[in-house]
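Visitor: I would like to go through this model step by step. Could you take my questions in order?

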Amino acid sequence: MNTKMKQKVAFALVMGMLTTGIISFSLIAINLGFSERFLGTWLQAWMTAYVIVIPIILVVSPRLQAHIDRIIK
């Protein structure tokens with residue numbers, strides 16, 4: 001795997017972790033509150049969202065970037 005691809009994968013992993021963590025934390029806090037079930041529910045939601053979003057970032061992001069580049073140029 002070349003350096004550029006490694007950078008893209010690393011970016012996707014970190015960005016996915018941050019965004020899914022923040023969003024799932026916020027939504028669980030709003031909908032469930034900070035009850036005794038919060039941590040387990042949040043971790044389960046975070047893991048599920050993370051597994052879903054990583055392939056989306058890796059597949060959709062380059063295509064979306066190319067499309068946006070065409071529109072702006």
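Visitor: Which residues in helix 1 are buried?
Guide: This is a predicted model. Buried here means under 20% relative accessible area. In helix 1 the buried residues are Ala12, Gly16, Thr20, Gly21, Ser24, Ile28 and Ala29.

Visitor: What covers the buried residues of helix 1?
Guide: Helix 1 passes helix 2 in a right-handed crossing. Their axes come within 8 Å and cross at roughly 145°. The cover of those buried residues includes helix 2 (38-72).

Visitor: How do the residues of the contact of helix 1 with helix 2 divide?
Guide: Take the crossing of the two helices, at roughly 145°. Its contact residues divide into 18 nonpolar, five polar and one charged.

Visitor: Is threonine 20 buried or exposed?
Guide: Threonine 20 sits in helix 1 (residues 3-32). Its relative accessibility is 7%, so threonine 20 counts as buried.

Visitor: With which side chain does the side chain of threonine 20 make a polar contact?
Guide: Beyond four places in sequence, threonine 20 is in contact with Trp46, Ala49, Tyr50 and Val53. A polar contact needs N or O atoms within 3.5 Å. At 3.0 Å, the side-chain partner of threonine 20 is tryptophan 46.

Visitor: What residue caps the N-terminal end of helix 1?
Guide: Look at the backbone nitrogen of lysine 4. A side-chain oxygen lies 3.3 Å from that nitrogen, and the oxygen belongs to asparagine 2.

Visitor: How far apart are the end C-alpha atoms of helix 1?
Guide: Helix 1 has 30 residues.

Key. Residues are numbered from 1 along each chain as its sequence is written. This is a predicted model: local features need pLDDT of at least 70, side-chain atom pairs count only at pLDDT 80 or more; totals for chains, interfaces and linings use all residues. Side-chain values use heavy atoms; hydrogens and water are left out. Helices (H or I, at least four residues) and strands (E, at least two) are DSSP runs, numbered from the N terminus. Buried means under 20% relative accessible area, exposed over 50%, partly exposed in between (1.4 Å probe, protein chains only). A polar contact is a pair of N or O atoms within 3.5 Å; within protein, one must be able to donate a hydrogen and the other to accept it, and residues adjacent in sequence count only if both atoms are side-chain atoms. Contact means heavy atoms within 4.5 Å. The expected span of a helix is 1.5 Å times one less than its number of residues. Axes are lines fitted to C-alpha atoms, for helices over the stretch in contact, and angles run from 0 to 180 degrees between N-to-C directions. A crossing is left-handed if the near helix is turned anticlockwise from the far one by less than a right angle, and right-handed if clockwise. Ala, Val, Leu, Ile, Met, Phe, Trp, Tyr, Cys and Pro count as nonpolar, Asp, Glu, Lys and Arg as charged, and the others, Gly among them, as polar.
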